[in-house]
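Notebook open, structure loaded. I'm jotting down what I look up as I go.

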Amino acid sequence: MNGFEEIEKKVKDAGQKTSSETDRRILDDAFAALEQVPRTSPTPAAGPFVLKAVAAVIIIAVVLGLVFVFTGPSRPTEKITADEIITPPPQELIVVEPNTEEKDLTAETAVKLQAELEQIIALARAGDVNSLLIVLEEGSVPAKMLAANYLGQIGDLHIAEILEDFAVELTPDDANSIFATAAAQIEERYAEPADEPTETVEIESNCSLAGYILNESNEPLIGASIVTAIGEERFQTTSDSNGWYEFKNLPNDINTQIIPYFDGYGYNLFSYDRADCNSQLDIQIFPQAYDWFGQSAPPLLVRKWLNCQPLSIDTLKGNVVLLCFLGDCTKPGNHIDKIEELYDYYSDQNDFNIILLNDYVEPNSPKEDELLTFAESFEAGFSIAIDEQPDAAKELILPDYRRLEQNHLSIKRSRLSSYGATNSIYQVRQRPAYFLIDRAGVLRTSLTEKDLYEQIDQLLAE
Amino acid sequence: MRKKMLEDKTLIYKLRHGDKIALRRIYQKYKDAMYAVAYSMLNEPAAAEDVLHDVFVGFARSAPRFRLYGSLKNYLIACVLNRARDMLRSKMYKIVEVERAKNRPSASANPQQQAIDDEHEALVTRALSEIPLPQRETIILHLHGGLKFREIADVQKVSVNTVQGRYRYGLEKLRSILDGQI
């Protein structure tokens, strides 16, 4: 993952740990739970596969026992050649008895082996995969083989991997060794369909999303534009006269977002989950700076005033103030002409200020020069300033608010935005964004362009 | 890998017979990864502790009947993930900005660095909560839970390719959200 090391490190470093108090509490409760439960030995599961194999097992056990007797005491674990893996003998040879005429040492070890093998049968009957794995790892060669035989019948893909490892280690030249066969047996059981599609997820292949889009008072928003972004694809709809939006047959993908937009409320981004599909999902959005409505307007954090002395909300008390965020003022078609018109309209009004806050740009950057030139040549009388860098707003950012009740999602976003500090505090989510501050320095509302004159008149009349 | 697995198998075996030392050992081994996953999903220390508590006590309760097929760590983390997902979907669950846990062990003696670290951590956690859930889970499971992609594919029941895609897209998104903030 080239280029991701830095971000990975940041995520890892943001990890959390429990306190020792918490650990103590959890362990105490866990011990208590452990004590309370009655322990029963695992119930034997005599499935048909085990019973079927019993006959073969006994045969193998006997034969292996015999092999062992004839070849002497246990030798160090070494590669087993194909010759040493005995094929099952004729049915007649079922009696399980070591040859007692051999040396005592050999007979004793033969008996031990037999006991070991019988124990393995018991483990297999009980379905005890874990213990069989221990045998596979630590048992004698015949025990390993027997354990492998059973694991092939009751193990899962994880066990298949282990069996393959053993096949490679112990019987590399035999593709049909018991280990390889057992692994293959498991894999056959778990065989997946051939062409697994890569970027799809399970369950429904289609997703419908529908519900009401609501404002801060839970009233439906009519004509809200809603876009869903799924991977690279985009789907758009508009809420109807009841505030109802609907998407049908959305593809399922890993990357899913829904972005309602309404003038004055900006673009509100949230991700939806598979669980949200095919059930009603109402979304509530809030105007920009909603958290500040009716309170003292948050301060203007300005990096540079371009065409006037520094201003602040405090120093402007007594006047009505229109705060505008256009993004990049120098970009053509960025509504600056609307502001010029507005300024002209109210030019006789002494108690009305317009402040235009451009997005943050780096000091001494070409963009800053451009803005300086622009501001100087601009003959408008309203104030233009450059927003402060985003970090400066850290202390003033309110908690990001998303709440999901049953089928109802509320979003109020407040976070550091790369546009700038004041952009962040005022929760600017669309451009242009307008805010009105009254004579007492209280933030009254965020505005849409069409409401500008009406609202300004109202405040001026106060 | 086999050695680690064997230890787990031995621990489970002992646990089935009521061995508290084995239970404690399992807790010590996996609590950090479990808690990290819960916390990253829920962004609240109290909720994350609840998840860790419930999953582990439930595990202890099921000990006598417990059958381990595969990795114990994956099993425990899958339990944590499911519980955290449940909590995320339940009614009235709020995702709010991280509250600095007061009992969080402080790694840095330097107060300024600690303040910076705290802030970075808050930003990362908040950024994580802004990317889609499948991607968030994948990143958390990999970087906090220590799961390999194949293991995550098992837990999430999707293909390994899907997991890799989620991880890649998720990190790219995180990077763009955090760009300029840290």
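I started with helix α5 of chain A, where V129, N130, S131, L132, L133, V135 and L136 of chain A are buried. Buried here means under 20% relative accessible area, exposed means over 50%, and partly exposed is in between, with a 1.4 Å probe and protein chains only. Seven of the ten residues of α5(A) are buried, so the helix is largely enclosed by the rest of the structure. I note that helices (H or I, at least four residues) and strands (E, at least two) are DSSP runs, numbered from the N terminus.

Housekeeping before I go on: this is a predicted model, where local features need pLDDT of at least 70, side-chain atom pairs count only at pLDDT 80 or more, and totals for chains, interfaces and linings use all residues. Residues are numbered from 1 along each chain as its sequence is written, chains are lettered from A and ligands numbered from 1 in the order in which they are written, and side-chain values use heavy atoms, with hydrogens and water left out.

Next I picked A:V135, which sits in α5(A), residues 129–138. A:V135 has 13% relative accessibility, so it counts as buried. What is A:V135 in contact with, leaving aside its neighbours within four places in sequence? I found A:I120, A:L123, A:A143, A:K144 and A:A147; contact means heavy atoms within 4.5 Å. A:I120 is 15 residues away from A:V135 along the chain, and their C-alpha atoms are 8.0 Å apart.

Then a helix pair. In chain A, the axes of α6 (residues 141–154) and α7 (residues 157–170) come within 10 Å and cross at roughly 145°. Axes are lines fitted to C-alpha atoms, for helices over the stretch in contact, and angles run from 0 to 180 degrees between N-to-C directions. From α6(A), the contact uses A:K144, A:A148, A:L151 and A:G152, and from α7(A) it uses A:I159, A:L163, A:F166 and A:L170.

On to helix α1 of chain A, residues 5–13, where A:I7, A:E8 and A:V11 are buried. Those buried residues fall within an arc of 100° seen down the axis of α1(A), so they line one face of the helix. The arc is that of the directions from the helix axis to the C-beta atoms. The face turned away from the buried side carries exposed A:E6, A:K9 and A:K12.

I also checked some backbone angles. The peptide bond from A:R431 to A:P432 is cis, with omega near 5°, and A:P432 lies in the loop between α11 (421–425) and β15 (433–437) of chain A. A:N249 is a residue other than glycine with a positive phi, near 55°; it lies in strand β4 (residues 244–251) of chain A. At 53% relative accessibility, A:N249 counts as exposed. In chain B, phi of K157 is also positive, near 60°, and B:K157 is in the loop between α7 (149–156) and α8 (160–178).

Last, chain totals. Chain A has twelve helices and 16 strands, and 48% of its 462 residues are buried. Chain B has eight helices and one strand, in the order α-α-α-α-β-α-α-α-α from the N terminus. Of the 182 residues in chain B, 58% are buried.
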